[in-house]
Amino acid sequence: MENSLDRLSELLNSPQPLKVDERQQIFAGISTVCSGDSLVKSSCSALDYQIQDAIDRWTGKQAIDYTPVISSKPKSSVVTSSPLSISKPQSSKLLVAPAPLPKTVSALPLAVKPINIAPKSLAITGIKSSYEVNSRLSIESGLVSDNNGWQDISKVDFWLTDAQGKRIELADASTFTAKDATSARFGYATNLTGVGAGNYKLNAVAIDKAGAISNNFSQSIVIKPINIAPKSLAITGIKSSYD
């Protein structure tokens, strides 16, 4: 028995990795030695730390709380080798591997709107310097541009401003004809019905569908009273004949 214990201690304390057959020898020897009735109980207890330390070296881990590694059933009269039950080391903390991330991530569709740019380059030609009361105001041509496309232009707003700064609304221009991708022409005419004689400024701005406003066009005009021909011309003292 002493030789068996010495051999077990030698194998357990070996610094070199143990081969499979050497491990089998250790467990078979422990099972045989520790199951005999004649073995002093303290002798088996003395091997406990050596067994656990050897197992730590085999698994490459230290300071882990192990469940019993070797279980054997002692028999009263017959010394036999019992099957060994080796349980896996139990860590004090359960480590669970995280679920793998998906290899590809599908991007959500995003609606990206273009930046709105206000209409520009509002130009109007053909406005006369004076009009009569209740006459018709018209222009020769109008041109406006919008970098978002000429279709983005909603209207051209016209109004008069009198000498006191009062605003007088006029009809809007809302029909456009494409000149190119960003520019459009428009015509305009309106009656000055109800607008009294005086000095005015004719104003206009182009407005797009988002409500952005172009540069302000302004031109001074005069509205004159309606001209009435002279009447009631009377002459007396004209002879019927002259030398």
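## Charge over a ring

In this predicted model, the charged end of Arg167 sits over the ring of Trp159, 3.8 Å from its centre. A charge counts as over a ring if NZ of Lys or CZ of Arg is within 6 Å of the ring centre and within 35 degrees of the ring normal.

Local features need pLDDT of at least 70, and side-chain atom pairs count only at pLDDT 80 or more, while totals for chains, interfaces and linings use all residues. Residues are numbered from 1 along each chain as its sequence is written, and side-chain values use heavy atoms, leaving out hydrogens and water.

## Aromatic pairs

The count is two aromatic pairs. Rings of Phe, Tyr and Trp (its six-membered ring) pair if their centres lie within 6.5 Å; planes under 30 degrees apart are stacked, over 60 edge-to-face, the rest tilted.

Phe158 and Tyr188 are stacked, 3.8 Å centre to centre with 10 degrees between the planes. This pair links distant parts of the chain, 30 residues apart: Phe158 is in strand 5 (residues 153-161), Tyr188 in the loop between strand 8 (183-186) and strand 9 (189-191). Strands (E, at least two residues) are DSSP runs, numbered from the N terminus. Both Phe158 and Tyr188 are buried. Buried means under 20% relative accessible area, exposed over 50%, partly exposed in between (1.4 Å probe, protein chains only).

The ring centres of Phe176 and Phe186 lie 5.9 Å apart with planes at 70 degrees, so this pair is edge-to-face. Phe176 and Phe186 are buried.

## An exposed residue

Leu233 lies in the segment after strand 11 (217-224). Leu233 is exposed, with a relative accessible area of 78%.

Conventions. Helix = DSSP H or I, 4+ residues; strand = E, 2+ residues; numbered from the N terminus.
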